[in-house]
Amino acid sequence: MSIDLQEVIARIRADYGAMRCKLMEVCGTHTNAIRRAGIHRQLPAGIRLLSGPGCPVCVTGSGYIEQAISLSREPGLVIASFGDLLRVPGNSGSLAEARAAGAKVRVVYAPQDAVALAEQHPDAQIVFLAVGFETTAPAIALAVRAAAAAGLANFSILPSLKVLEPAMRSLLAGGGLQIDGLIAPGHLGVITGAAGYAFLPREYRLPTVVTGFRPAELWLGIAALLKQIAKGESRLENMYPQAVTEQGNLAARELMAAVFAPEDAEWRGLGTVSGSGLGLAQAYRDYDARCKFGLAEIASREPAGCRCGEILLGRAEPEECPHFDAACTPEHPVGPCMVSAEGSCAAHFYYRSRGGEG
Amino acid sequence: MSIDLQEVIARIRADYGAMRCKLMEVCGTHTNAIRRAGIHRQLPAGIRLLSGPGCPVCVTGSGYIEQAISLSREPGLVIASFGDLLRVPGNSGSLAEARAAGAKVRVVYAPQDAVALAEQHPDAQIVFLAVGFETTAPAIALAVRAAAAAGLANFSILPSLKVLEPAMRSLLAGGGLQIDGLIAPGHLGVITGAAGYAFLPREYRLPTVVTGFRPAELWLGIAALLKQIAKGESRLENMYPQAVTEQGNLAARELMAAVFAPEDAEWRGLGTVSGSGLGLAQAYRDYDARCKFGLAEIASREPAGCRCGEILLGRAEPEECPHFDAACTPEHPVGPCMVSAEGSCAAHFYYRSRGGEG
Amino acid sequence: MNGKIRLAEGGGGEATASLIRELFWSRFRHPQLLRGNDAAVLEHAGGRLALTTDAFVVTPWRFPGGDIGRLAIAGTVNDLTMMGAAALGLTAAFIIEEGFDKSDLEQIAASMAAAAAEAGVDLVAGDTKVVRKGEADGIFITTTGVGTIAPGVRLGGELARPGDRVLVTGTLGDHGAAILLAREELGLSGALQSDVAPLNRLLLPLVGEYPGAIRVLRDPTRGGLATTLNEIARQSGVAIRLREAAIPVRPEVRGLTELLGLDPLYLANEGKALLVVAPEAADAILAALRRQPRGSRAAEVGEVLAGNAGLVSLVTASGGERIIPLGSGEQLPRIC
Amino acid sequence: MNGKIRLAEGGGGEATASLIRELFWSRFRHPQLLRGNDAAVLEHAGGRLALTTDAFVVTPWRFPGGDIGRLAIAGTVNDLTMMGAAALGLTAAFIIEEGFDKSDLEQIAASMAAAAAEAGVDLVAGDTKVVRKGEADGIFITTTGVGTIAPGVRLGGELARPGDRVLVTGTLGDHGAAILLAREELGLSGALQSDVAPLNRLLLPLVGEYPGAIRVLRDPTRGGLATTLNEIARQSGVAIRLREAAIPVRPEVRGLTELLGLDPLYLANEGKALLVVAPEAADAILAALRRQPRGSRAAEVGEVLAGNAGLVSLVTASGGERIIPLGSGEQLPRIC
Amino acid sequence: MCLAVPGEVVAIEGNKAKVSFSGVFRSVDLSLVAGVKVGDYVLVHAGCAIQVVPPDEARETIQLFSEVFGDDEH
Amino acid sequence: MCLAVPGEVVAIEGNKAKVSFSGVFRSVDLSLVAGVKVGDYVLVHAGCAIQVVPPDEARETIQLFSEVFGDDEH
Ligand code: SF4
Ligand code: SF4
Ligand SMILES: [Mg+2]
Ligand SMILES: [Mg+2]
Ligand SMILES: [Mg+2]
Ligand SMILES: [Mg+2]
Ligand SMILES: [Mg+2]
Ligand SMILES: [Mg+2]
Ligand SMILES: [Mg+2]
Ligand SMILES: [Mg+2]
Ligand SMILES: [Mg+2]
Ligand SMILES: [Mg+2]
């Protein structure tokens, strides 16, 4: 048994050809997968897809990057980071630029690889840049726990971990976010469970569908969402049950609860959202680079004219920014939404048709 | 007024054409200057020139080099050295090879440049390889004094400084050294004064002439020495009065007395000669890398078959060594006499005529 | 120009292109340099010569399926081949870091010799420099090739025309994936191998056999197929549309790129070529390629279109369409 | 081969020669490679081509009188010139360390352009790679040149004959001395400048004018006059005897070499050539050189002798004689 | 938000698995998923298995499609 | 034993001199030689002046030669 995706798409186009609505995804990997599959161009013209605050790189404040850069200049200190963070502009430049100027910045695939780096280089201080949402936080918690178990005095993390729910609430509370349905992040749901999204239809009457990332899964999620909207429903539907259970990964959530503690966090575009971040729990404070190196907080300064904040909220499209494709390109990004290939601006830059698609 | 050196040489060849004698110089710079001027080929056949223990590189034991190499492998430690020491083989290899394997070895022109290096790199430990005779010791004493005055905790020296007189006495005492006249080192004499050589004719009846390094100066010294020998005299003659005074450089000698203290020293070929070395005086012990890094003494191991020891004593010629121009070349030196361009073996290798001159 | 050189400026994408434009094209005005092909073509009394140079700096220098020596020979032979040129001779200049193992150097020399023999080309001049420990990353090799172009042969990135077909000689991304696999810091392993190989024996006979029908020959090295097609689209003032389903990619390469969030179209190839060919000859050329071992997985992957000059797009397996932009430098593994 | 590469093995002396023999000559058997001239000569339908390559790694990259860009152009133009070849085109491959200043890169490109204009040659192809911070020493440039050799021209290190005269086009050691001066760690200063310059305009007309009389043309770069003469003596199976008094050396170069215990005959030159010429033409060639600004201090410095094949010696100012051996690598300042 | 990829467990040692992603292998931490055996597919994010998934995920999607479209309102 | 070279003092600051070796300059320590003035020649070893020397050293040599040969025994 297999699906003829062309037939599915044709049917959706037929069924919802006249519909006018805005759907939002809040996951960078969704943004990217949708663009890569070319789904934008296949949707009926009245259906718009917005990209919300779901790329950890995009929502990280420039002050955090700046802290990392200033740390990276310490002699004997090595920054370990996920690759996509390297090109994010801070206030004074990116980590890639700091590296070009001599700072030691190593790209790792997994947080535990940064712990291994610390074991291999006992004379260096390794600081891992801990960015991510609930999906990534457990992997980082495992790394911190492993470092603690090994008694490593030369490993720490610079936390900028985020939790989705408070941010979604803050977004929706204002009423400024006008969307008709939400494509909920599939992999985050693996940890939180589908139940983690239940507040959206329940409290905000937002039709919400959890989906995966393959083209068929995305079309499935969109179809389900459009159907709800058409029917005037607002339910939580889990269209990715192969991976997302009702309650999610309990072991992961327990580990997070043991290693991390909620703290306020700054989101680019949203400002500071109370309880939306994860710091280290008291027992693991020795592994917090902010304490260990006495780092002062650095205020974020968004580049002049950059509209990333509004774009993350679905209040503006990248093309409405005066810098888009002028001063700001993936080559020379001004704002963070242009940095990651999943940032809304980069996605628009790369995947727009020159013939017109926005 | 000028000299026609050709005429001078012709006269010497005429006057001493039939003479049979052995002259020795004990200064590497003399060895080199004589070879470079081609004097060997111009002397009458019966007059032989031997090179004694006068190149600091040649007389430095392989154990010392080995200590330096083991130090050079310490993380954060930088060895500063005169250039010619880099290719001297220790027991396990040379400093150049240690550098190729990753050790930090910097070539400096002056000992004070090593102090400057310490000032510029406060996070590194700079160890200067203090080799030399009385000529070099004052410059090293100035460097140690400057480091002490600046309170530099990251500068030290690994001493292997030598003093000529005890070594000459040890050589001559055995009666094994059969030479007819000594060409005394001009620049060492600048420090010690001509008086520093007076014991040679006085106690050992050795005709001794202090000379400079230009071809004319060398010929002058040789002429004076031959004249003494021919007349059966044994006097000290200072043929370099422009630079060498009777008492030498008193300021330099006082400084050496303040900074250094005599100690026993190992000479390659001579073994350990009591009181023939200079260590640091009590007041400057903090600057002795041996104490600072708790270095164990390393026994010298001369490469099998190398006859450097005998060659330094004038008891063998380089060509008598089985390795000469076979296993041992300036490119791949086996013994230290092949390492420095001034070492006896290297000098023979480079400047011999293929037609026959030894 | 202000600022400091970034790694991305050597990545072969837009950053490299703009650096080269600003730095060199503004000062060196030779028309061949400005053309931006794999090799320069010089006319002289005895006919046309192709001249190409490349510095090889691959890290690590040894990788599954090859090493920097094989790469340096194959890369230069291939750049000559892409101009339809038969190698007259190659030169190699070595920059070696003090402390490099001589036995490794021997292995590199041996694999250069083997690659040269495989290609039937000669190394005719060389140079060796040694720099201090810490002043190079083991070994860098710059190879330069000079070759002769037979009369009548005309190839170039500027010659693609609407209606032409785009062929590739085999699977894409193998070299780039093998390099990522070889980088210890990513902790990956597998049987995946670089495709590094000289292509002159595969392609030069075809160039002779189909005069005029083969418009463009390119080796999609740094920056991969995506970057190379963008260059051709710009040089020729055409659009190019790929069909995702037709592009051959090994499962291991697919697995690796999915794991790291990369795109195989941007990964380097060192033993593949892309051909833009006249539509009427496409099937014959494809069949000829497939008859050779190095072309057994050749495929027609797209076509050249009029309009939208410079645009490269791809029709996805699910029928969508997306732009394939010029890459932007360093391929960084992504978490998200 | 065991062990690790030493700096000396890049010094251009005996160590470099033996490394190259063991590593490359054993594997690459092309007769041009084995000949060991400045450039390879390739015969093809259209006549003879000369091909040469060199990696430039000079530290510091900027020095009194020039920079690595000027050096890279002049060095390659000169190696072609030494074969009597007129440049058809040059290529340049850059390896740049991440973090290198773009304004410095611009200056290097500008001085390459200026040197190319001075020589009247074109850069026709290039390549740019960027390596990570700490994996190169700022910038390395490999230039390769291809040139045409006029019919009848025959030059080569193997052509010196007893009775021939050895000329140099000017003062020796200027480049090597300028580099030592520029190295901060030695704490030296002064007005001394590198001689780096293209010599094609000085020498190619003479090659045309004195066919057969000029036997060998060489640029005594790495390893200096001493090393180059040793190579020629070996290649031709002759002895060469220099006259110390005739060798032009600037006082500053003399001062610097005495201070550091070095020998100007082993210091690099980058704007000088040595010529081995037939005795009957020596005076005319010397006079012709001296009429040019770049040859105003040209001198006859020695002669070629029969017997003692491979031996280079020097008659000192005081009438003595000494051997001038092939150097042994890195020039290290001496204390003694 | 969060690239995760399914791979096949080919070996297990302690809480680490060797996981194959179409023939490319990486060490993956199993601490967060219980009872994984060789032959299972796990969803991997940042070096951690976060879920055991069925070998043929597509089947579920097909099933769900028919549910969505099977509904006959349109 | 000990390369030493004469150079001309061209400037003095404290106990450091700028010394010219035929036009190449190096900073040289003067601590060990008293009363040096600009224009003097000093013999320099390892960055230290160890002696003040006459500008024309050759004169002394010539003088000494005539003494050695002036002796009429041969
Ligand atoms: S185009 Fe650039 S500047 Fe404008 S909103 Fe996007 S990232 Fe910010
Ligand atoms: S030739 Fe070599 S091994 Fe023999 S004595 Fe001289 S240095 Fe020692
Ligand atoms: Mg090329
Ligand atoms: Mg590399
Ligand atoms: Mg060369
Ligand atoms: Mg390195
Ligand atoms: Mg190419
Ligand atoms: Mg060359
Ligand atoms: Mg350099
Ligand atoms: Mg290239
Ligand atoms: Mg560097
Ligand atoms: Mg040359």
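Predicted model: local features only at pLDDT ≥ 70, side-chain atom pairs only at ≥ 80, totals over all residues.
Residues are numbered from 1 along each chain as its sequence is written, with chains lettered from A and ligands numbered from 1 in the order in which they are written. Local features need pLDDT of at least 70 and side-chain atom pairs pLDDT 80 or more, while totals for chains, interfaces and linings use all residues; side-chain values rest on heavy atoms, leaving out hydrogens and water.

Counting contact as heavy atoms within 4.5 Å, chain B puts 54 residues into the interface and chain F puts in 34. Together the two chains bury about 3,600 Å², with 64% of that on carbon and sulfur atoms; buried area here is the accessible area (1.4 Å probe) lost on putting two parts together, summed over both. On the chain B side, Y109(B), K227(B) and Q242(B) lose the most area to chain F, and together make up 18% of what that side buries.

As for charges, the interface holds one salt bridge, taken as a side-chain nitrogen of Lys or Arg within 4 Å of a carboxyl oxygen of Asp or Glu. The partners are R26(F) and D113(B), at 2.7 Å from N to O. Among the helices (DSSP runs of H or I, at least four residues, numbered from the N terminus), α12(B) gives the most to the side of chain B that touches chain F, with nine residues.

Chains D and E, by contrast, do not touch, their nearest C-alpha atoms being 24 Å apart.

Key. Helix = DSSP H or I, 4+ residues; strand = E, 2+ residues; numbered from the N terminus.
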